[in-house]
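Biologist: Please take me through the sheet and the helices packed around it.

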Amino acid sequence: MVRGPVLLFERSIDREYTLSLWREDLSGLYPGMVRFTLTLCTARETVATFRTNSYEYSPTVPLDAETAARHKAEEWARGLTAHRERFLAAVTRQAPRRPFSATDCVVIQGSPRPDGNCSILAGWAADEVRRMGQTVQVVYPDDMGIHPCIGCYQCYNTGRCTFDDDMAGIIGAVKHASLLVVCSPVYTGTVPGGLKVVLDRFQALHAEKNLFEDVSMPEGVLLAVCGRKGEANFACLTAVVRASMENLGIKYAGEVLVDGVDRVRDIRRVEGLEGRVRGTVRGAFHGVSDRA
Ligand SMILES: Cc1cc2nc3c(=O)[nH]c(=O)nc-3n(C[C@H](O)[C@H](O)[C@H](O)COP(=O)(O)O)c2cc1C
């Protein structure tokens, strides 16, 4: 899918350090994507790495990835020669990963209403997981600090988002879970903004999974409600959630869609619904253990 790197140049500095620039064709991930990796190595270790990719440069930016990488190589060569200690301290500094809590199941409660119908769905799902003796956490994006994706594509250089915020905890949890349950109301035909921010920010997990660490992904279930009558109201929402899961390699293991909720008001009144939700979650979990 991703072709191996090609060495563009190698330069020795003071016979102690080697500066190398590599070019990788990532068009298996995105059409025309090319990534440049600059490494600074000693005989024993890689001291520093800088990556930049062609998708970082918007159409109106008068710079391209290869030029930026070559400039960085010159900057590093100068820094290493002129003020070595200061330079090495700066380039080797790495931000620590945020801690996250690991559970068998992650439920994302995507409605901004903490006490609405999606919270009922999330509660049933979480309770069913606990009944099966598994651990679960319910995350509530609207209560978290998560910056929207800005399309910088820098996650394809590092496997991490440039924003170090609460999304890191969600990504860490999803990576370690066996089941992901997304609960969402229909908002103007699709998912609410807070949930959409989370789905977009999963781009960093897509980058990490494809370019850095082949993490095994959970299975996915969608539980959704909408005010109006008719399954057609879910067309866009299901497409968005499915696209997100497919992009991450999450197998879509089931869904429960509840329409006409404006009239019912409280979905606990819908006959048989709780059993359907619990059954879907249980079925998805059995699917996971059958595969293991
Ligand atoms: C801003 C907004 C937009 C909505 N858009 C739609 C819509 O396009 N189609 C629909 O059937 N229901 C729509 N609804 C109704 C919600 O899907 C419904 O009230 C749902 O039960 C809310 O879920 P919650 O109780 O978990 O918050 C909308 C509600 C809001 C507040």
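What follows is a short exchange about strands and helices.

Modeller: This is a predicted model, in which local features need pLDDT of at least 70 and side-chain atom pairs count only at pLDDT 80 or more, while totals for chains, interfaces and linings use all residues. Residues are numbered from 1 along each chain as its sequence is written.

Biologist: Which strands stand at the edges of the open sheet of five strands?

Modeller: Helices (H or I, at least four residues) and strands (E, at least two) are DSSP runs, numbered from the N terminus, and two strands pair if DSSP finds at least two bridges between them. The order is β6-β5-β7-β8-β9, with parallel pairing. Two strands have a single partner each, so one side of each lacks a neighbour in the sheet: β6 (136–139) and β9.

Biologist: Which residue of β8 is the bridge partner of S184?

Modeller: β7 and β8 run parallel and are joined by seven bridges. On its other pairing, β8 (residues 219–225) meets β9 (residues 251–258), also over seven bridges, and there L257 stands opposite the residue A224. The partner of S184 in β8 is likewise A224.

Biologist: Within what arc do the buried residues of α6 fall?

Modeller: In α6 (residues 193–201), G194, L195, V198, L199 and R201 are buried (20 or more other C-beta atoms within 10 Å of their own, with C-beta atoms placed from the backbone). Seen down the axis of α6, they line one face of the helix, because the directions from the helix axis to their C-beta atoms fall within an arc of 170°.

Terms used: Buried ≥ 20, exposed ≤ 12 C-beta atoms within 10 Å, placed from the backbone.
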